[in-house]
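Good morning, and thank you for coming. Please look at the model on the screen while I go through its helix packing and its metal sites.

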Amino acid sequence: MNKQLIDISIAVQKADALTCTADIAAVGVFEDGFERPDIKSLDKRLGGRIRTLQKLGDFDGKAASVCLLYADSKLAAKRLLLVGLGKRTAVTANTLRKAATAAAGKAVDINAASLVMCLHSDIPATAKLNPVQAGQAIAEGACFGAFRYDEYITAPAKKRPARLKAVIADADPSMVKLLKQGAAVGAVTGSAQNFARTIANRPANVITPETLAMEAKKLAQRTPRLRCTVLNEKQLRAKKMGGILAVGQGSANPPRLIVLEYAPTGASSHTPTVALVGKAITFDSGGISLKPGEGMQDMKFDKSGGIAVLGAMQAIGALAPKVRVFGIIPAAENMPSGLSYRPGDIITTFSGKTVEIHSTDAEGRMILCDAITYAAETLGCSTIVDIATLTGACVVALGQKRAGLLGNDDALIERLKAASAVTGERIWHLPCDDEYLETMKSKIADFKNTGGKWAGACTAAAFLSQFVGKAKWAHIDMAGVGVWGADETLAPGSIGFGVRLLTAFAVDSAR
Ligand code: BES
Ligand code: MN
Ligand code: ZN
């Protein structure tokens with residue numbers, strides 16, 4: 001590897017925007033907050049410059065807009081960054097997360113190594129947001145915005161800091177205490193998300209099922225209470241995991257089943273247990289049902305579900321909730337070769353159920369069905385959430401900003417929706433009842449692996465539902481949301497979708 005990614009530290013200090021020394025002081029301004037006391041006194045100190053910017057229309061406080069000012073000797077910080085927060089009454093954790101993302105992104109862009117953030121100070125008492133949540137959101141946002149994936153760039157076009165020291169400032173000691181509590185969690189989830197982004201961005205010649213398994217093992221080694229076991233090809237064969245084996249058999253990089261287990265201290269048979277299952281196709285060429293060439297390079301991101309689970313396990317290990325969590329990552333490379341599985345093949349899956357292959361490009365469900373059976377039958381998990389870049393149909397249905405959410409249990413769906421509302425990773429409930437299964441029936445096997453033209457996200461989930469046994473199960477189709485949408489500019493590539501969502505869900509499962 002050429003160099004280290006940015007090392008981001010987050011602290012909370014009793015300080016204010018005027019007196020804090022830093023490369024940048026970032027101050028949040030509501031669209032309708034230019035007249036608020038904090039901003040007024042800052043404006044006064046700056047001789048009315050903020051007012052001028054507003055009058056000229058150069059800075060209006062719209063959410064996540066930024067304006068960089070040079071404060072000369074009027075502030076202790078070298079630069080002042082105004083960060084828009086939108087309408088004051090509409091503020092949520094997401095507003096602060098995005099504001100911190102913008103501030104940290106700007107800091108890295110201009111090669112600034114220290115950032116003081118005063119983004120939360122003017123939150124109205126009526127907002128559905130307490131200081132702990134604010135601290136978490138700001139810490140997460142700062143981690144997110146400061147991330148750059150440049151480990152393979154040998155001659156950078158511009159300098160960026162090797163580390164970013166981010167400080168959340170508040171003048172009130174009792175607030176500092178609460179913000180600290182939240183920021184400690186946010187630093188954990190934020191760095192887990194960046195870990196996921198790093199691994200997801202790595203190309204398929206670097207991350208193979210084997211090297212992904214090595215990353216999982218390294219994670220378990222550095223995390224107390226986390227264990228990792230990996231089934232290699234031979235062991236998969238011994239267990240008759242026909243789905244994973246079929247998808248992996250065409251590649252020179254053989255498949256793996258990665259199983260991470262987090263057990264809280266003092267865990268007993270009464271400890272609640274959840275399974276997180278993530279699809280990790282390290283490259284999806286489509287196999288013999290080869291994909292068109294255009295955009296195929298992005299199929300290195302077809303491991304993003306598995307990596308969301310990997311990242312979540314890092315965060316869960318650090319947060320240590322009172323719940324047992326299995327992180328199960330079936331990993332394979334879907335390649336065309338003389339050894340590949342073919343359309344027409346009938347595969348006996350780990351469950352014993354048979355599947356007639358109609359497209360080798362519908363490979364995600366073939367590895368997930370084995371991993372889900374492993375969670376339900378072998379490990380006896382009664383709650384299973386899987387996450388996968390599963391269908392183009394989900395992208396057609398929901399676009400690049402929302403993942404699909406499907407499942408067999410209303411309460412579980414509601415819990416995931418609640419987690420999503422907190423973390424800001426948006427999901428939308430779609431149906432997958434038995435009606436959708438009809439198109440998945442084969443005349444010569446139990447199922448086909450494709451369901452025809454319509455409702456592809458729903459038929460794929462209906463297929464998966466057949467492998468969950470008695471478990472409460474939900475499925476997140478993140479095909480559209482794993483990488484930045486076209487309109488985004490910061491750090492292209494993986495956004496680490498799902499890490500915070502799965503972590504919040506697991507932590508909530510402890511209650
Ligand atoms: N990995 C793809 C789904 C995908 C598409 C992810 C676009 C990200 C962006 C998946 O393995 C796939 O190829 N699905 C097929 C299923 C079809 C053959 C039933 C699809 O969606 O076309
Ligand atoms: Mn595919
Ligand atoms: Zn795929």
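At what angle do helix α4 and helix α5 pack? Helix α4 (residues 131-146) and helix α5 (residues 173-201) meet at an angle of about 35°, and their axes are 6 Å apart. Helices here are DSSP runs of H or I with at least four residues, strands are runs of E with at least two, and both are numbered from the N terminus. Axes are lines fitted to C-alpha atoms, for helices over the stretch in contact, and angles run from 0 to 180 degrees between N-to-C directions.

Before I continue, a word on conventions. This is a predicted model, in which local features need pLDDT of at least 70 and side-chain atom pairs count only at pLDDT 80 or more, while totals for chains, interfaces and linings use all residues. Residues are numbered from 1 along each chain as its sequence is written, chains are lettered from A and ligands numbered from 1 in the order in which they are written, and side-chain values use heavy atoms, with hydrogens and water left out.

The crossing of α4 over α5 is right-handed, that is, the near helix is turned clockwise from the far one by less than a right angle. The residues of this contact comprise 12 nonpolar, 10 polar and two charged. Ala, Val, Leu, Ile, Met, Phe, Trp, Tyr, Cys and Pro count as nonpolar, Asp, Glu, Lys and Arg as charged, and the others, Gly among them, as polar.

Helix α5 also packs with helix α9 (residues 304-319): their axes come within 8 Å and cross at roughly 155°. The two are therefore roughly antiparallel, a term for angles over 145 degrees. Contact means heavy atoms within 4.5 Å, and the residues making it include V185, V188 and F195 of α5 and I307, L310 and L319 of α9. By class, this contact has 12 nonpolar, four polar and no charged residues.

I turn now to the metals. Which residues coordinate the zinc ion (ligand 3)? They are K279 (NZ), D284 (OD), D302 (OD) and E363 (OE), at 2.0 to 2.4 Å. Donors are N, O and S atoms within 2.8 Å of the metal (3.2 Å for Na, K and Ca); water is not among the atoms, so sites may look incomplete. The zinc site has six donor atoms with angles of 78 to 175° among them, and is octahedral.

How far apart are the manganese ion and the zinc ion? They are 3.1 Å apart, and D284 coordinates both. D284 lies in strand β10 and D361 in the loop between β13 and α10, so this pair links parts of the chain 77 residues apart.

Key
Angles under 35 degrees count as roughly parallel, over 145 as roughly antiparallel, 65 to 115 as roughly perpendicular and the rest as oblique. Four donors count as tetrahedral if all angles lie between 85 and 135 degrees; four count as square planar and six as octahedral if opposite donors are over 155 degrees apart and all others between 65 and 115; anything else is irregular.
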